[in-house]
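Here is my notebook from an afternoon of looking things up in one model.

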Amino acid sequence: MHILVAGSTGVLGRRVVPALVGAGHRVTALTRRPEAAADLRAHGAEVAFADVFDREALTRVVGRAEPDVVMHQLTDLSAVDLAANARMRVVGTRNLVDAAQAAGVRRIVAQSIAWVYEAGDEPADETTPLDDTSVEPRRGTIEGVIALERAVRELPGWVVLRYGLLYGPGTWFAADGIKAADARAGRLPGGPDVSSFVHVDDAAAAAVAALHWPSGVVNVVDDQPATADEWVPAFARAVGAPPPAAAAGVPHAPWARGADNHLARKHRGWIPTHPSWRSGFDTL
Ligand SMILES: NC(=O)c1ccc[n+]([C@@H]2O[C@H](COP(=O)([O-])OP(=O)(O)OC[C@H]3O[C@@H](n4cnc5c(N)ncnc54)[C@H](OP(=O)(O)O)[C@@H]3O)[C@@H](O)[C@H]2O)c1
């Protein structure tokens, strides 16, 4: 297959590109940055340049490539600006889907997140409604996810991958990532909120496998949703930070419930090499 990877240089894209080439696919890697091209070509990809906010340029580039599949791994998180990332989800996705449709693309695989579900006591599965009661800043994130997921459904074939919190090399949850810096500065508290993690290599493997999955939404998370009281001390230990100060009475956000990976594991054949952050953090 010929796959156009939008977001080819991001934390997921730079794993997905060589994996797709290695699996025998033709890959067109989209980037805005000429300096990224040599690396992408060294991994066997063809390179195309466009800013996804430039609709005309993007439409031209996707039309010229004529891929079979578009892989949407676009985020705008390097400045930790959630509003910019929401704009990427809304406007960037709109432009990408329109460009894909204009080029006759029939299938898209898109990156989403797994902490978007409504409040509940158990980890959420894919049938759980999205949280439409949230207030800012969460509201902007949810609206971005809704817009992204609605747009990608317009193609005949589509898979939305709702990822847990990425950890591993190059992510915020790495020894040199911003969450490790937070832990060292005492800014990473415990508490009752539940999160689901996924190792970035397992997340990339899911994106490659999803080329062959039926249309639908799939949670891509590890087996062990955990409270911050559980995972923060383990993360701090793994990255050489002091343990968090004991924090009593931290309020619980009812939507912070984690996510369930039964569908991915049992029905899509996705088997994470790091089934739990407990052992996964030891590799950081
Ligand atoms: N589920 C999660 O927990 C999750 C998911 C994603 C990211 N993150 C975190 O966010 C951090 C930053 O993510 P990142 O390293 O992937 O960087 P990023 O700055 O978010 O960029 C991701 C990709 O999007 C592309 N992109 C951004 N804006 C673009 C635009 N206007 N037009 C075309 N392409 C555009 C970038 O391409 P070019 O710059 O090459 O043009 C890059 O390939 C990571 O360390 C990770 O921990 C977390």
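I began with Val80, which lies in the loop between β4 and α4 (82-102). Before going on, I noted that this is a predicted model, where local features need pLDDT of at least 70, side-chain atom pairs count only at pLDDT 80 or more, and totals for chains, interfaces and linings use all residues. I also noted that residues are numbered from 1 along each chain as its sequence is written, and that side-chain values use heavy atoms, with hydrogens and water left out. My helices (H or I, at least four residues) and strands (E, at least two) are DSSP runs, numbered from the N terminus.

Most residues other than glycine have a negative phi, and most peptide bonds are trans. I use buried for under 20% relative accessible area, exposed for over 50% and partly exposed for in between, with a 1.4 Å probe and protein chains only. Val80 is partly exposed because its relative accessible area is 44%.

Glu66 went on the list too: its phi is positive, about 50°, although Glu66 is not a glycine. I found Glu66 in the loop between α3 (55-65) and β4. Glu66 counts as exposed because its relative accessible area is 57%.

Then I looked up the peptide bond between Glu136 and Pro137, and it is cis, with omega about 5°. Pro137 sits in the loop between β5 (107-113) and α5 (138-152).

**Helix α1 and what follows**

Which residues of helix α1 are buried? In α1 (residues 13-22) I wrote down Gly13, Arg15, Val16, Val17 and Leu20. Their cover, counting contact as heavy atoms within 4.5 Å, includes β1 (2-6), β2 (26-31), α2 (37-42), β4 (69-72) and α7 (200-209). After α1 comes Gly24, with a positive phi near 95°.

His25 has its place in the loop between α1 and β2. It is buried because its relative accessible area is 15%. Leaving out residues up to four places away in sequence, I saw His25 touch Met1, Ile3, Leu20 and Leu211. A polar atom of the His25 side chain lies 3.3 Å from the backbone nitrogen of Met1. For polar contacts I took pairs of N or O atoms within 3.5 Å; within protein, one must be able to donate a hydrogen and the other to accept it, and residues adjacent in sequence count only if both atoms are side-chain atoms.

**Around the ligand**

How many residues surround the ligand? I have 26 in my notes, with Thr9, Thr31, Arg32, Thr75 and Trp172 the closest; a residue is near if one of its heavy atoms lies within 4 Å. The shell divides into 11 nonpolar, 11 polar and four charged residues. Here Ala, Val, Leu, Ile, Met, Phe, Trp, Tyr, Cys and Pro count as nonpolar, Asp, Glu, Lys and Arg as charged, and the others, Gly among them, as polar.

A polar side-chain atom of Ser78 lies 3.0 Å from a ligand oxygen, and a polar backbone atom of Gly170 is 3.0 Å from an oxygen of the ligand. The protein covers 91% of the 900 Å² of accessible area that the ligand has on its own, by the Shrake-Rupley method with a 1.4 Å probe; for residues, only the protein chains shown count as cover.

**Aromatic rings**

A search of the whole structure gave me 10 aromatic pairs. Rings of Phe, Tyr and Trp (its six-membered ring) pair if their centres lie within 6.5 Å; planes under 30 degrees apart count as stacked, over 60 as edge-to-face and the rest as tilted.

Phe173 and Phe235 are edge-to-face, 5.3 Å centre to centre with 70° between the planes. This pair links distant parts of the chain, 62 residues apart: Phe173 is in the loop between β7 (165-167) and α6 (178-184), and Phe235 is in helix α8 (residues 228-238).

Trp231 and Phe235 also pair edge-to-face, at 6.5 Å centre to centre and 70° between the planes. Both lie in helix α8, four residues apart, about one turn of the helix. Trp231 counts as buried because its relative accessibility is 7%, and Phe235 because its value is 0%. My last entry is the cluster that ring pairs make of Tyr167, Phe173, Phe197, Trp231, Phe235, Trp277 and Phe281.
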